[in-house]
Number of protein chains: 2
Amino acid sequence: MSMSSPSGGRSGRRRGTTQTREAIALAAQTQFAEVGYDRATFRSIATAAGVDPALVVHFFGSKEQLFHEVMKLPSGLADALVGLVQGPRDEIGRRVAEVIVAGFENPAAQRIIVGRIRSASQHPEAAELVRQAVAGDLARLTAALDVDRPDVRAVLAGVQVVGTALARYVVRVEPLASMPAPQLIELLAPTFQRLLVEPLGA
Amino acid sequence: MSMSSPSGGRSGRRRGTTQTREAIALAAQTQFAEVGYDRATFRSIATAAGVDPALVVHFFGSKEQLFHEVMKLPSGLADALVGLVQGPRDEIGRRVAEVIVAGFENPAAQRIIVGRIRSASQHPEAAELVRQAVAGDLARLTAALDVDRPDVRAVLAGVQVVGTALARYVVRVEPLASMPAPQLIELLAPTFQRLLVEPLGA
């Protein structure tokens with residue numbers, strides 16, 4: 001197998017190394033999101049990417065390494081969350097809802113979020129990434145907010161995030177699944193507001 | 001294979017038909033909860049139940065039928081939710097939190113809830129059962145509450161339920177995973193209160 005002449009794929013066009021790697025990464029994200037870790041195979045990913053399965057191994061090594069590489073969220077998303085500590089405190093819930101829903105609606109981020117949730121039962125790293133989504137990134141925000149019980153607030157807000165992603169994208173329950181993003185932001189904002197900065201009640 | 005003399009299992013004791021069926025059902029629930037639909041096999045379930053795999057087939061037929069039979073929530077739980085419409089409206093959130101958390105803490109119900117969530121990506125009926133958990137049972141309650149947008153309220157409350165179950169039991173994120181039930185009830189009650197009967201804000 002030569003890296004300088006990878007399989008051209010379904011289109012028949014020749015692709016460079018970077019494009020081929022990106023096509024495999026996209027196909028892998030899509031497979032993990034649609035069928036989860038166990039059912040996504042080198043073969044199914046290669047077929048979706050229009051390449052030989054050996055090329056997937058060549059670029060990414062093991063399935064674990066492939067998952068690790070393609071299931072990283074854009075670092076801008078976590079940084080954007082922490083940055084929300086700036087701005088009016090009585091609108092923090094809305095700003096968090098906007099960033100979260102924008103993340104959901106970003107096609108690559110959506111594939112990654114759904115792929116993590118679908119794979120969480122099958123692969124330890126997926127479970128760890130969901131734990132991080134539930135508490136890790138939001139914990140950086142609550143730590144910066146100067147509130148009581150920042151760890152509890154982060155995990156309760158994280159429950160909203162993964163619960164909403166599970167309901168909207170994995171099991172697709174209506175009216176959530178087809179709700180326009182602006183309406184979803186309006187509905188989530190007051191819950192984030194209370195969980196992040198208002199009295200917790202316990 | 002004779003029904004009148006089922007395998008005695010690990011213990012070496014002879015068990016009656018009912019006890020054997022119950023041992024298989026318990027083992028199946030546990031396997032679905034721990035490893036999900038795909039990885040739970042007739043063989044792994046039979047081993048856990050201490051019976052011959054053929055006996056699992058004998059009692060339950062296909063894996064789909066087995067899942068269908070053992071993943072039914074006790075009907076009392078859904079009925080208990082709807083019954084909560086009785087009583088003070090300004091405490092409905094707390095009563096819902098109490099019933100949900102009591103369900104979580106019931107070992108059989110916990111196996112079923114976790115088994116459904118872990119299997120939701122792998123088996124259409126599991127996905128349907130999670131959809132039902134997100135919206136179906138709570139929708140009967142919100143319909144009885146005489147509120148605006150009962151369907152939206154039901155699904156937002158359902159997001160709390162499955163998000164909390166996912167975070168507490170599947171990926172086990174702290175401090176939620178080891179939080180005592182009474183504290184969890186205190187934390188969930190105000191969110192349910194707002195989502196069920198207070199202004200939604202959108």
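Against which helices of chain B do the buried residues of α7(B) pack? The model examined here is predicted, with local features requiring pLDDT of at least 70, side-chain atom pairs counting only at pLDDT 80 or more, and totals for chains, interfaces and linings using all residues. Residues are numbered from 1 along each chain as its sequence is written, chains are lettered from A in the order in which they are written, and side-chain values use heavy atoms, leaving out hydrogens and water.

The partners of these buried residues are α1 (17-39), α4 (63-70), α6 (92-105), α8 (124-144) and α9 (150-170) of chain B. Helices are DSSP runs (H or I, at least four residues), numbered from the N terminus. Among the buried residues of α7(B) are B:Ile112, B:Ile113, B:Val114 and B:Ile117, where buried means under 20% relative accessible area (1.4 Å probe, protein chains only).

Turning to the pair of chains, a rotation of 180 degrees with 0.0 Å of shift along its axis superposes chain A on chain B (RMSD 0.0 Å), by least squares on the C-alpha atoms of residues with pLDDT of at least 70 in both. This is the relation of a two-fold axis. In chain A, the C-alpha of A:Gly163 is the nearest to the axis, 1.9 Å from it. The copies meet through the same surface, because 100% of the interface residues of chain A are also interface residues in chain B.

Finally, B:Phe192 touches residues including B:Gly93, B:Val96, B:Ile100 and B:Val161, not counting residues up to four places away in sequence; contact here means heavy atoms within 4.5 Å.

Note on methods:
Buried < 20%, exposed > 50% of the residue type's maximum accessible area, 1.4 Å probe, protein only. Helix = DSSP H or I, 4+ residues; strand = E, 2+ residues; numbered from the N terminus.
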